[in-house]
Amino acid sequence: MLVKNQGVVVITGASTGIGEACALLLDKLGFCVFAGVRKDVDAQKLQQKASPRLIPIFLDITDADSIAFAVETIKNTVGDEILGLVNNAGIAVPGPLELLPIAEFQQQIQVNLIGQLAVTQAFLGLLRQGRGRIVNMGSVSGRSAAPFLGAYNASKFALEALTDVMRMELRPWGISVSIIEPGAISTPIWEKSFTQADKAKDNLSPSAQDLYGAAMTAVRKKVGVIASKSISSDVVAEAVVHALTAKKPKTRYLVGQDAKLAVVLKYLLPDRLYDRVILYSMGL
Ligand SMILES: NC(=O)c1ccc[n+]([C@@H]2O[C@H](COP(=O)([O-])OP(=O)(O)OC[C@H]3O[C@@H](n4cnc5c(N)ncnc54)[C@H](OP(=O)(O)O)[C@@H]3O)[C@@H](O)[C@H]2O)c1
């Protein structure tokens, strides 16, 4: 059996970005981290950066067998209890809702919402034993919607609801549930989403191009500027550590000035005025 030091934490989507930052920080703080990856090369890369305590684990959150295998592997390695589950894995599917292929919408919900629930269900036995905590990686996009981000917004708004319900349902067992709501964070998710948006725009039919082409170009440009001002994923990792370790974890962690400002404006302004602020900020 492994030495668990500060306790065992499982993180999904730890190959890059926020998940990687969380895995490395928790490892540095002495936790036994099981870091979810999907490729050998990512497992090796993480191991080179971390202490020997960190264990990469193959985990595709859309695959029930992969989830079950990860749970069994962790159980066999550290026993029946874990201290934390960080549901971080996610994708961002861009595009106007009118044109978005339903299969892409489904993929967005499958990864960012159904996957999170499936992983949580599978680990709840171990979490209950360890009186553990759940940290869901939401987004300010789960509080404030924007054009051409509808699928992502839908997934993150729904994750807010799931988090609230889990928090209440799991209260009898002392399992704390928090959601992290970052603004723009510097990670590969932006480039991945830009590639997908550029491809979608190139493939627009002439009529769709007439309807949305100019707006898609304007938004793509503006989102590029937003991405260039994004902040380090280390700030998000610190919020995750707080949610996992603080005596009184918060239910919600807004991370970044942009996220805080958006939520305040959304609260203060009437809907149509807020729409105009968002449209302007997206170059529309
Ligand atoms: N970056 C931001 O500005 C920002 C802001 C707010 C919230 N977030 C949220 O933060 C989380 C992490 O995103 P990130 O920005 O760090 O992006 P990222 O660097 O692209 O990381 C996404 C991670 O999710 C993994 N993943 C994707 N599909 C998966 C699946 N089916 N099963 C398991 N893992 C899967 C990826 O693994 P592979 O490498 O194997 O694809 C990768 O490890 C997401 O939930 C995102 O919505 C990001």
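Me: Angles under 35 degrees count as roughly parallel, over 145 as roughly antiparallel, 65 to 115 as roughly perpendicular and the rest as oblique. How do H4 and H5 lie relative to each other?
Reply: This is a predicted model, where local features need pLDDT of at least 70, side-chain atom pairs need 80 or more, and totals for chains, interfaces and linings use all residues. Residues are numbered from 1 along each chain, and side-chain values use heavy atoms, without hydrogens or water. H4 and helix H5 (residues 150-169) pack at about 20°, with axes 8 Å apart (axes are lines fitted to C-alpha atoms, over the stretch in contact for helices; angles run from 0 to 180 degrees between N-to-C directions). H4 and H5 are therefore roughly parallel.

Me: Is the crossing of H4 and H5 left-handed or right-handed?
Reply: A crossing is left-handed if the near helix is turned anticlockwise from the far one by less than a right angle, and right-handed if clockwise. H4 passes H5 in a crossing that is right-handed.

Me: How many nonpolar residues are in the contact of H4 with H5?
Reply: Contact means heavy atoms within 4.5 Å. Among the residues that meet are Phe105 and Leu113 in H4, and Tyr152 and Leu162 in H5. Ala, Val, Leu, Ile, Met, Phe, Trp, Tyr, Cys and Pro count as nonpolar, Asp, Glu, Lys and Arg as charged, and the others, including Gly, as polar. The contact has one charged residue, five polar ones, and nonpolar ones numbering 11.

Me: At roughly what angle do the axes of H3 and H4 cross?
Reply: Helices (H or I, at least four residues) and strands (E, at least two) are DSSP runs, numbered from the N terminus. H3 and H4 are roughly parallel to each other. The axes of H3 (residues 64-78) and H4 (residues 102-129) come within 10 Å and cross at roughly 25°.

Me: Does Ser233 count as buried or exposed?
Reply: Ser233 is found in helix H8 (residues 233-245). Beyond its neighbours within four places in sequence, Ser233 contacts Gly17, Ile18, Ala21, Ile185 and Thr187. At 10% relative accessibility, Ser233 counts as buried.

Conventions
Buried means under 20% relative accessible area, exposed over 50%, partly exposed in between (1.4 Å probe, protein chains only).
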